[in-house]
Amino acid sequence: MPSPLTPSQPSRPARAPIPRPFVLLNVAMTADAKIATATRRTTTFGSPRDQEHLYELRATADAILCGARTLIETGATLGNGGRRFGQLRTAASLSRYPVRVLVTGTGSIPSCAPVWARKWGPIIVLTTAKAGEQAIARLRRKADWVRVYPEDGIDFANALAWLRSEFGILRLVSEGGGELNDALIRGGLVDEIHLTWCPWVFGGQAAPTLSDGIGFQTLAQAAGFRLHSVTPAGNELFLVYRAKIDPGARRRAAP
Ligand SMILES: NC(=O)c1ccc[n+]([C@@H]2O[C@H](COP(=O)([O-])OP(=O)(O)OC[C@H]3O[C@@H](n4cnc5c(N)ncnc54)[C@H](OP(=O)(O)O)[C@@H]3O)[C@@H](O)[C@H]2O)c1
């Protein structure tokens with residue numbers, strides 16, 4: 001199957017029009033829009049092609065963003081996918097491994113999480129004062145950098161601008177889960193959604209979806225995307241949506 005990454009799409013924008021990285025969400029979703037089962041015992045259900053697609057996308061990005069529950073429940077380590085994808089990174093003039101950016105409001109990522117054990121890309125933690133001094137000190141011992149926001153939450157617009165200015169991150173792929181996706185989408189900070197639509201139905205009201213958290217109240221407020229491409233492969237569809245309007249403008253216009 002041809003790659004859903006169109007060849008004309010540069011791995012990094014030549015000149016970013018906004019002072020933050022270009023942000024992509026990558027999600028695998030069932031036919032009924034779930035991203036894991038309600039028990040969260042099944043978290044991986046895409047085909048080998050979908051797995052390859054995940055690593056291809058990572059191979060275009062300076063950094064990966066990941067929420068605490070996804071890290072804890074999947075044991076994700078956020079590497080580069082091995083030699084073949086590492087070579088793609090080199091060809092795109094990217095570092096061998098993507099920077100790993102972890103999101104935890106309360107510092108819940110345990111010290112035994114597999115992500116800490118892998119000496120791959122540097123780890124940056126975004127957290128809040130809610131985590132408390134002890135947990136923040138523990139995160140500082142484990143991570144390369146920790147950025148602490150006030151108790152009322154992480155300012156993702158600020159965090160993304162900081163990642164760009166401090167670390168030169170121009171392109172970032174967010175791998176969820178639903179709560180983190182919601183914060184980014186509501187913030188008007190998502191430029192592209194890569195969605196793999198998989199032939200399963202999980203059901204269950206408690207099963208996480210692409211975007212959970214707070215959401216929008218009305219269609220008028222909802223985030224609009226336009227369908228950029230649809231690539232069938234086997235029993236799956238690989239869809240790419242692009243933000244309808246400049247997401248930065250949406251954020252600036254929000255009350
Ligand atoms: N199918 C797929 O492609 C896919 C991809 C990713 C994940 N998943 C699945 O999705 C599930 C996890 O999704 P989820 O929605 O439950 O969790 P999540 O978004 O992965 O993580 C939620 C946690 O991240 C932190 N967080 C997220 N947004 C925040 C914000 N705005 N401010 C501060 N902290 C924030 C909080 O950590 P603290 O609790 O530490 O404060 C929060 O509890 C898992 O079952 C995983 O397998 C599926």
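Is Asn-181 buried or exposed? Select this residue in the predicted model. Asn-181 is buried, because its relative accessible area is 1%, and the cut-off for a buried residue is under 20%. Asn-181 belongs to helix H7, which spans residues 178-186. Leaving aside residues up to four places away in sequence, Asn-181 touches Leu-25, Val-27, Ser-174, Gly-176, Leu-210 and Ser-211.

From Ser-174, proceed to the strands. Ser-174 is in strand S6, where it is the bridge partner of Leu-65. Select strand S2, residues 63-67, together with S6, residues 171-174: the two pair in the parallel sense over 3 bridges. Next, display strand S3, residues 99-104, which runs parallel to S2 and is joined to it by 5 bridges. Within S3, Leu-102 is the bridge partner of Cys-66.

Now colour S2 by face. In a regular strand, side chains alternate between the two faces of the sheet. Ala-63, Leu-65 and Gly-67 are on one side of S2, Ile-64 and Cys-66 are on the other, and all of these residues are buried. Since 5 of the 5 residues of S2 are buried, this strand is largely enclosed by the rest of the structure.

The last stop is helix H3, residues 83-91, in which Phe-85, Gly-86 and Arg-89 are buried. Look down the axis of H3: its buried residues fall within an arc of 105°, so they line one face of the helix. Helix H1 (48-58) is included in what covers them. Turn to the other side of H3 to find Arg-83, Thr-90 and Ala-91, which are exposed. Finally, select Ser-93, which follows H3 and has a positive phi, near 60°.

Conventions
Residues numbered from 1 in each chain as written. Predicted model: local features only at pLDDT ≥ 70, side-chain atom pairs only at ≥ 80, totals over all residues. Heavy atoms only, no water. Buried < 20%, exposed > 50% of the residue type's maximum accessible area, 1.4 Å probe, protein only. Helix = DSSP H or I, 4+ residues; strand = E, 2+ residues; numbered from the N terminus. Pairing = 2+ DSSP bridges. Contact = heavy atoms within 4.5 Å. Arc of directions from axis to C-beta.
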